[in-house]
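This briefing covers strand pairing and a contact between domains. Please view the sequence and the model together while reading.

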Amino acid sequence: MIPELGNFSLALGLSLAILLSVLPMVGVYRNNQLLMAMSRPLCTGVWVFMVISFGCLAYAFLHDDFSVAYVASNSNTLLPEIYKFTAVWGGHEGSLLLWVLMVASWTYAVSLFSRNLPLDILARVLSVMGVISVCFLLFMLFTSNPFDRLMLSTPAEGTDLNPLLQDFGLIVHPPFLYMGYVGFSVAYAFAITALLTGKLDAAWARWTRPWTNAAWAFLTIGVALGSWWAYYELGWGGWWFWDPVENVAFMPWLVGTALIHSLAVTEKRGVFKSWTVLLAIAAFSLSLLGTFIVRSGLITSVHAFAVDPERGLVLLAILLLVIGASLFLYALRAPIMKGTASYTITSREVFLLINNIILVVATAGILLGTLYPLIHEAINGEANMVSVGPPYFNTIFLPLMALLAVFLTVGSISRWKKTSTAFLKEQLTKVAIASVALGILLPLAITREVNFGIFLAVALALWIVLGIARDILTKISNKDSLLQGLKSLSLSYYGMQLAHSGMAVIILGICLTSHYSVEEDVRLAPGESIVIRGYEFIFEGVTRQPGPNYEADAGLITVLKNGEDYLQLRPEKRTYFATGAIQTEADIDVGLFRDLFAALGDPRGEGAWVVRIHLKPFVLWIWLGAFIMAAGGITAILDRRYRTKEKVSQQDKIVTQKDDIVMEGA
Amino acid sequence: MLAHRQQKLAIVLFIVLGAGIAVALTLFALKEGINVFFTPTEISEGEVETGQNFRIGGMVKMGSVIKEGLDGAEVNFLATDFCNDVLVSFSGPLPDLFREGQGVVADGALDNNGTFQATQILAKHDEDYMSAEVKASLDAAEEEDVGVCQQ
């Protein structure tokens, strides 16, 4: 009964979404207020039915309703309750439902928080988002319905959730990633609206920016969580593999980052308009491409989850529709939108343009590397298969990011329209000297080792951080006290600087952990040990231990630090009852300055095992930096100027009154 | 007007510069980072040079895995496409889904003895998942080379 209810509300949601994509748009062109005003309640309706649908699927999971095919293939009576719930998005059908729920939620959020949008604009935006909902609901209902029943042959027991997904990482990673992916649909809908109306002004950019920031922040956290999950659950201590599935999540992030910066220019200076629109279309298209690649199994990946060509074809059609239609519209309308303001070569506009070029070039490089095996196969035939490995991506990506870091400080310290070279010199000379000097001296003093990669990384991180400090000091130099000065800076300014410092933290994390990690794979018999930089890892052996739905070979490793008892690590090798799947569970002692990582490999006779032991300095900083970045994005949204119209007009009034008083006084 | 032209010129220069860097990096990187895929048969036919990095795919031959009596964490096994076998040597923990009679993909290079020294054994994350490369090579082996194999 409950699954039928879920199915039914999916269908109802689809009907409402169809109305949402048609009626308000018709209203716009007939100038019918009533039809336009329908958009809000329709959004609410779609959202409510998606929530009901989602709730029904969760109910089916929690009550072990194996008559539902999706539940039967992704759950098991022995599965712990929390994983029964998260299994809702553990497979293809359910993750699509989550996807659609997210689209509906973003749409609903736009209808709630855009009270200051003119009705005709809002109607268009919501309508475009309605079209996206319709596409994916149709796709779900016709190719991958999570509520399909196994009425005649209801299995007594489910096949179990993939052990890899029985983990905290899965609880949080997909929702954040999807929130980010789908969040770009808002920027996309605003971009299409701008193309339709031909109006793209500062107000438009101001409406779009908070939504883009929010989507970007979610995507930042989603990608970081994915990398963290890979690190402790499936990567054997690696945190980024340039795997196609990772790349397709990373590309929208890069373009989204470019979009955020380009939107800033469009809001403040009214230029880069058509470029901004193109980026918004690209960011969402890449999100769709990501969904398509992951879901179609087109590209061989170590974690291609669902492989079904038919589904892939339908997704490809949606992808082509979205990209094709919007680019067509863009070609027709983009020439209307011209920026008029002028700027010089050392203006902030140009530095942000450089930022955009670097990010887009990086994205193009990654896209080429990700699709290259396909292209190569198409040209040279099926027998000639190639794979593109990390060396390719590192060669392209790392120099570009170093360049980006150099321009980051220059760009954020420069002024709109025109920055005098003298000002840049005055601001940055000391910062440059200090960061290069400290970048060389600090690592040298600590490690007594000459390594130019590390010098460069530390110097770049310092360049960013010192540049931020310098800029803040300059900005508050005319204030009476430090506190008053800090208070006078806007939240969007703090957001920017926070996100930039996150970049510095990530640079340090990536470079230090890449260069100074010690990774050992050793065969250890019980009682044997290995020493890594003052830590002695003693392998005590492996015992059988039962778990709720698995049995584990639990290893025990005693760690001594400088000869004294320090801690114990308990890596496990689990065998799950339902499928017989084997899963490695690493044990990690997390620290701000180093992680101790231990994982059990395979038994090699006489109680001996291959044990993987890593000492990874600063690895936490990679994800810490990403979270700081995301916090920056959120901080910027809280800036006062994005609040509602009423408040703005009140402020305007106050300002006018003050002016009057001043005039009277004069 | 002059400012406007300067502006345009600057933008064009930046784009040319950016594209130039991109093309240079890409060409260099593609040369470095591409692994070509070879089957055991292609390897035994001498299509691969010693020391060249490539990717091998095949099945782990039944009964061929040797774990004991080797140095440290080393493990040896035969990768087969049912026509030819290649000895693969790897040092480290084997992926959870590594099994005799199952597909395997490895990165590495041939040493002077013709042994494939693997730097990485790729994990499969799903019981049903078989790398497209392995599947294609196995299909090819079955279709074309059955006659050759049976000789």
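Two strands are said to pair if DSSP finds at least two bridges between them. Helices (H or I, at least four residues) and strands (E, at least two) are DSSP runs, numbered from the N terminus. The model is predicted: local features need pLDDT of at least 70, side-chain atom pairs count only at pLDDT 80 or more, and totals for chains, interfaces and linings use all residues. Residues are numbered from 1 along each chain as its sequence is written, while chains are lettered from A and ligands numbered from 1 in the order in which they are written.

**Strand pairing**

- In chain A, strand 4 (residues 535-546) pairs with strand 5 (residues 550-561) in the antiparallel sense over 11 bridges.
- These two strands of chain A form a hairpin with three residues between them, and A:Thr543 stands opposite A:Ala554 in strand 5.
- Strand 5 of chain A also runs antiparallel to strand 6 (residues 564-569) of chain A, joined by five bridges; A:Lys561 has A:Glu564 as its bridge partner in strand 6.
- Two residues lie between strands 5 and 6 of chain A in their hairpin, and A:Asn562 in the turn has a positive phi of about 50°.
- Five bridges join strand 5 to the antiparallel strand 7 (residues 572-576) of chain A, where A:Lys573 is the bridge partner of A:Asp553.

**Domains**

- An automatic or database domain assignment provides the bounds: for chain A, domain 1 (1-166), domain 2 (168-419), domain 3 (422-516 + 622-637 + 645-665) and domain 4 (518-618).
- The contact takes 21 residues from domain 2 and 24 residues from domain 3 of chain A, counting residues whose C-beta atoms, placed from the backbone, lie within 7 Å.

Key. Contact = placed C-beta atoms within 7 Å.
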